[in-house]
Amino acid sequence: MADEAFIRWQEIRRAQLGGSIILVFGLSSASLAFCGSMLMSDQVNLGPGRTWWFVASVVAFIVAVAASVAVTLTRLFDSRTTATIARSRSKGATDAELAELRQRAETLGVATWRVFYVQVGAFFLGVVLLCITLTQVFRSKLFRLGYEV
């Protein structure tokens with residue numbers, strides 16, 4: 001009974017991780033597209049001081065997209081290794097061979113979570129930096145001191 005609950009929660013966790021990776025990848029890609037459209041707009045004047053905030057946000061979004069690809073690859077390699085363990089076990093592999101494969105799967109699992117944290121962190125850093133940029137660029141429109149009648 002406890003094994004069934006553990007297996008069920010493992011599946012839920014895998015599905016949540018996959019959905020989160022896809023969500024952050026999509027938002028990071030959309031944010032890069034938004035930054036590109038800002039560059040093409042004649043209404044946006046970055047200026048020298050604001051350009052650094054903008055470039056930093058673009059770099060953060062690029063890191064998030066790259067981490068999205070990396071975390072997807074580590075998950076795929078982890079799945080392949082797990083499938084190899086199951087196949088090797090059914091073919092009568094030695095304990096040493098299985099231990100080596102399990103160690104590789106464990107390493108890939110840890111790498112997946114670490115790269116996922118990089119992905120999420122880079123995305124949120126990009127959001128904060130882009131918000132700073134937008135606040136500086138559109139300060140006069142956002143924080144008017146007087147009211148127009």
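Guide: Let us begin with two cysteines. The sulfur of cysteine 131 lies 11 Å from the closest cysteine sulfur, in cysteine 35, which is too far for a bond. Please note that this is a predicted model, in which local features need pLDDT of at least 70 and side-chain atom pairs count only at pLDDT 80 or more, while totals for chains, interfaces and linings use all residues. Residues are numbered from 1 along each chain as its sequence is written, and side-chain values use heavy atoms, with hydrogens and water left out.

Visitor: How many disulfides does the rule give?

Guide: A disulfide is a covalent bond between the sulfur atoms of two cysteines. Here a disulfide is counted when a pair of cysteine sulfur atoms lies within 2.5 Å. By this rule the count is zero.

Visitor: Which residues touch the most other members of the largest nonpolar core?

Guide: A nonpolar core is a set of buried Ala, Val, Leu, Ile, Met, Phe, Trp, Tyr and Cys residues joined through side-chain atoms within 4.5 Å. The largest one has 13 residues, and Cys35, Met38, Leu46, Phe54 and Leu130 touch the most other members. Helix H1 (2–40), H2 and helix H3 (95–137) are the elements that give two or more residues to this core. Helices (H or I, at least four residues) and strands (E, at least two) are DSSP runs, numbered from the N terminus.

Visitor: What does phenylalanine 54 touch?

Guide: Contact means heavy atoms within 4.5 Å. Not counting residues up to four places away in sequence, phenylalanine 54 touches Cys35, Met38, Leu39, Leu46, Leu130 and Thr133.

Visitor: Where are threonine 81 and arginine 89 found?

Guide: Threonine 81 is found in helix H2, and arginine 89 is found in helix H2 (residues 47–90) as well. Threonine 81 is buried, with a relative accessible area of 2%, whereas arginine 89 counts as exposed at 51%. With neighbours within four places in sequence left aside, threonine 81 is in contact with Leu101, Arg104, Ala105 and Leu108. Arginine 89, not counting residues up to four places away in sequence, touches Leu98 and Arg102.

Visitor: How many aromatic pairs are counted?

Guide: Rings of Phe, Tyr and Trp (its six-membered ring) pair if their centres lie within 6.5 Å; planes under 30 degrees apart count as stacked, over 60 as edge-to-face and the rest as tilted. The count comes to five aromatic pairs. One of them joins phenylalanine 61 and phenylalanine 123, which are tilted at 50 degrees between the planes and 6.1 Å centre to centre. Phenylalanine 61 lies in helix H2 and phenylalanine 123 in helix H3, so this pair ties together parts that are 62 residues apart in sequence. The rings of phenylalanine 123 and phenylalanine 124 have centres 5.4 Å apart and planes at 65 degrees, so that pair is edge-to-face. Phe61, Phe123 and Phe124 form one aromatic cluster.

Visitor: Are phenylalanine 61 and phenylalanine 123 buried or exposed?

Guide: Phenylalanine 61 is buried, with a relative accessible area of 1%. Phenylalanine 123 is buried too, with a value of 9%.

Methods: Buried < 20%, exposed > 50% of the residue type's maximum accessible area, 1.4 Å probe, protein only.
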